[in-house]
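Colleague: I would like to learn how to read a model like this one. Can we take the features in turn?

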Amino acid sequence: MEYLTYKTLHIISIAALVVSLGFIIGGCWIGGKNALRKWGFITHGISWILVFVTAFKLVGVLGMHENFPNWAQAKTACWILLGLVAFTIKKKPKFVAIHYGVILILSSVAIGLAVLKPSF
């Protein structure tokens, strides 16, 4: 596949991941075990895997696998933490407002790193 195909799939999977976190948070605000929360967790798992598969395919296509830049390492760490946020929401649903802030910060940092590609 081409670069643009992987990049498009990567962006779609990121959007699905963020939307799934919104479903999980919405399900927690409603309370109890509900369909919104259930589908949020299912979508979160699938999209999180797709984010990483497409990301590492992009790394291979761009030839960055030998010298993985620091901004990409930091971005990878942000996405790993975004994956773990779902588990913390499941364990501590009463702190959903804090989780919401963490999701906004981590996703903003990851997007900023991808767009700006700072050298540090």
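Predicted model: local features only at pLDDT ≥ 70, side-chain atom pairs only at ≥ 80, totals over all residues.

Colleague: What shows where empty space is left?

Modeller: Rolling a probe over the atoms does, one the size of a water molecule.

Colleague: Which residues are the closest to the centre of the largest pocket?

Modeller: His10, Leu58, Trp71, Lys75 and Ala114 are the closest, out of 24 residues that line the largest pocket. Then look at the elements. Helix H1 (3-30), helix H2 (35-62), helix H3 (70-91) and helix H4 (96-116) each give two or more residues to the lining.

Colleague: Which element gives the most to that lining?

Modeller: H2, with seven residues.

Colleague: How does the lining of the largest pocket divide by class, and what are the counts?

Modeller: There are 19 nonpolar residues in the lining, two polar and three charged.

Colleague: Now the cores. How many residues has the largest nonpolar core, and which have the most contacts inside it?

Modeller: A core is made of buried nonpolar residues joined through their side chains. Here the largest one has 18 residues. Leu21, Trp79, Leu82, Ile89 and Ile103 have the most contacts inside it. At least two residues of this core come from each of H1, H2, H3 and H4.

Colleague: Take isoleucine 89. What is it in contact with, leaving aside neighbours within four places in sequence?

Modeller: Ile24, Ile25, Cys28, His99 and Ile103. Another core lies apart from the largest one. That other core has five residues, including Val59, Met64, Trp71 and Leu113.

Colleague: On to rings. How many aromatic pairs are there?

Modeller: The count comes to two aromatic pairs. Read each pair by centre distance and plane angle. Tryptophan 48 and phenylalanine 52 are 5.4 Å apart, centre to centre, with 85° between the planes. That pair is edge-to-face because planes over 60 degrees apart count as such.

Colleague: Where do tryptophan 48 and phenylalanine 52 lie?

Modeller: Both are in helix H2, four residues apart, about one turn of the helix. Phenylalanine 52 also forms an aromatic pair with phenylalanine 56, and this one is stacked. The centres are 6.2 Å apart and the angle between the planes is 25°.

Colleague: Why are phenylalanine 52 and phenylalanine 56 separated by about one helical turn?

Modeller: Because they are four residues apart in helix H2. The ring pairs link Trp48, Phe52 and Phe56 into a cluster.

Colleague: Which of the three are buried, and which partly exposed?

Modeller: Tryptophan 48 has 26%, so it counts as partly exposed. Phenylalanine 52 has 16%, so it counts as buried. Phenylalanine 56 is partly exposed, at 47%.

Colleague: What does threonine 76 touch, not counting residues up to four places away in sequence?

Modeller: Phe52 and Phe68. Threonine 76 has its place in helix H3. Its relative accessibility is 18%, so it counts as buried.

Colleague: One last residue. Where is isoleucine 111 found?

Modeller: In helix H4. Isoleucine 111 has 48% relative accessibility, so it counts as partly exposed. Isoleucine 111 and isoleucine 14 are 97 residues apart along the chain, yet 10.0 Å separates their C-alpha atoms.

Note on methods: Residues numbered from 1 in each chain as written. Heavy atoms only, no water. 1 Å grid on protein atoms, 1.4 Å probe; cavity = no way out; pocket = protein on both sides within 12 Å on 5 of 7 lines; lining within 4 Å. Nonpolar A, V, L, I, M, F, W, Y, C, P; charged D, E, K, R; others polar. Core = buried A, V, L, I, M, F, W, Y, C linked by side-chain atoms within 4.5 Å. Buried < 20%, exposed > 50% of the residue type's maximum accessible area, 1.4 Å probe, protein only. Contact = heavy atoms within 4.5 Å. Phe/Tyr/Trp six-rings, centres within 6.5 Å; stacked < 30°, edge-to-face > 60°.
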